[in-house]
Amino acid sequence: MEQVFASVVFNRHLTGDYWLLEAEAPALAASLLPGQFVNVRIEGSAAPYLRRPFSVYRVSRDRRRLQIAYKVMGEGTGLMTSSIRENGRCDLIGPLGHGFSLPANAKRIAVVGRGIGIAALPTLADEAASRGIEVHAFLSARTRPNLVALDIFAEYAFPVVTHTDEARANALVTDALAALAQKVRFDAFYVCGSNRLARAVHALAQKQNVPAEIAMEQHMACGFGDCHGCVIAVNLRPSRGEKAFKEVCHYGPVFQTWEVVDASA
Ligand SMILES: Cc1cc2nc3c(=O)[nH]c(=O)nc-3n(C[C@H](O)[C@H](O)[C@H](O)COP(=O)(O)OP(=O)(O)OC[C@H]3O[C@@H](n4cnc5c(N)ncnc54)[C@H](O)[C@@H]3O)c2cc1C
Ligand code: FES
């Protein structure tokens, strides 16, 4: 983990509610693993005191640049759209947290993302593709323009199932995954951005007896385990009801789904 002042290549509107920031940070980009995140300092007199955490959306092929796809949510992300400018600098700390793991010898995986959560998946798809693993994507959002990363999955010609609330409010994108999983074998599941989808993926993974991982989001301050501001309840041994509190930034953001699904109940 290090603090870097990255050169901003661009920071522009991506699609729907999302913006895309690309910055040159070779040492950071070279060491990032899928699912890890960076903590961004927002500059300016009106800027919030705390950094804001973001998954790394993409790392360039030469591993010199990284991208963040961010949704404008409030004070910090609103300011990011105007204060981070082309040819300027961006103060980042990273790589942070523990990312996704791909089982050895995996042949086919399914990734399930909703809304902002989709932004954690392209680096995993890149890594899987480099190992010859087939990735089936199941992406969900409120509206069609908020389905980010479709172009990235299309680059690899990976199959993508999409769902929007405006088209089918009551269905879940995991319904399509459950149907497909009866016909083909998946070696692992990955889910981000929705508790409902996480529960559905976890149930499916248990039924199929395959591992499932989830990238958790939590309000954060330091981002590296010092302030204990991002703890969540985690199952230690679900059969005995044993639980603990763990920092998402340090032990996560990626957890096994059994560790977190229904842990706070
Ligand atoms: C590990 C991690 C990775 C993330 N990756 C991405 C990403 O790739 N792209 C992206 O757009 N966002 C991502 N987020 C969420 C992002 O950090 C928040 O949206 C951002 O911090 C909001 O800052 P703000 O100042 O604009 O909002 P604020 O003004 O602080 O809050 C606005 C609203 O957003 C809610 N909010 C703020 N932070 C979070 C959070 N961490 N989780 C849930 N709700 C929150 C607040 O409760 C409030 O309702 C990630 C969060 C974590 C923990
Ligand atoms: S944000 Fe400080 S411990 Fe996680």
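Helix α6, which runs over residues 195-208, has 14 residues and reaches 20 Å from its first C-alpha to its last, close to the 20 Å expected at 1.5 Å a residue. The exercises below all refer to a predicted model.

**Exercise 1.** Work out which residues of α6 are buried, and what covers them.

*Solution.* Begin with the cut-off, by which a residue counts as buried if 20 or more other C-beta atoms lie within 10 Å of its own. In α6, this holds for Leu-197, Ala-198, Ala-200, Val-201, His-202, Leu-204 and Ala-205. Finally, go past the end of the helix, where α6 is followed by Asn-209, whose phi is positive, near 60°.

**Exercise 2.** Repeat the analysis for helix α3, residues 122-130, by listing its buried residues and their packing partners.

*Solution.* The buried residues in α3 are Pro-122, Thr-123, Leu-124, Ala-125 and Ala-128. These residues pack against β5, β8, β9, α4 (150-155) and β11. After the helix comes Gly-132, with a positive phi near 75°.

**Exercise 3.** Describe how the protein chain is divided into domains, and how domain 1 and domain 2 touch.

*Solution.* The division gives domain 1 (2-96) and domain 2 (108-260), and the centres of the two, taken over C-alpha atoms, are separated by 22 Å. Counting contacts, 21 residues of domain 1 meet 19 residues of domain 2. On the side of domain 1 that touches domain 2, at least two residues each are supplied by β1 (2-15), β3 (37-41), β4, β5 (58-59), β6 and β7 (89-96). The residues of that side divide into 12 nonpolar, five polar and four charged.

**Exercise 4.** Explain why ligand 1 lies between the two domains, and describe its shell.

*Solution.* Both domain 1 (2-96) and domain 2 (108-260) give residues to the shell around ligand 1, and therefore the ligand lies between them. Of the 22 residues around ligand 1, the nearest are Ser-55, Gly-74, Gly-76, Thr-77 and Ala-119. As for the elements involved, β4 (52-55), β6 (65-71) and α2 (75-83) each contribute at least two residues to this shell. Sorted by class, the shell has 11 nonpolar, seven polar and four charged residues.

Methods
Residues are numbered from 1 along each chain as its sequence is written. Chains are lettered from A and ligands numbered from 1 in the order in which they are written. This is a predicted model: local features need pLDDT of at least 70, side-chain atom pairs count only at pLDDT 80 or more; totals for chains, interfaces and linings use all residues. A residue is near a molecule or strand if its C-beta atom, placed from the backbone, lies within 6 Å of it. Helices (H or I, at least four residues) and strands (E, at least two) are DSSP runs, numbered from the N terminus. Ala, Val, Leu, Ile, Met, Phe, Trp, Tyr, Cys and Pro count as nonpolar, Asp, Glu, Lys and Arg as charged, and the others, Gly among them, as polar. Domain bounds come from an automatic or database domain assignment. Two residues are in contact if their C-beta atoms, placed from the backbone, lie within 7 Å. The expected span of a helix is 1.5 Å times one less than its number of residues. A residue is buried if 20 or more other C-beta atoms lie within 10 Å of its own, exposed if 12 or fewer, and partly exposed in between; C-beta atoms are placed from the backbone.
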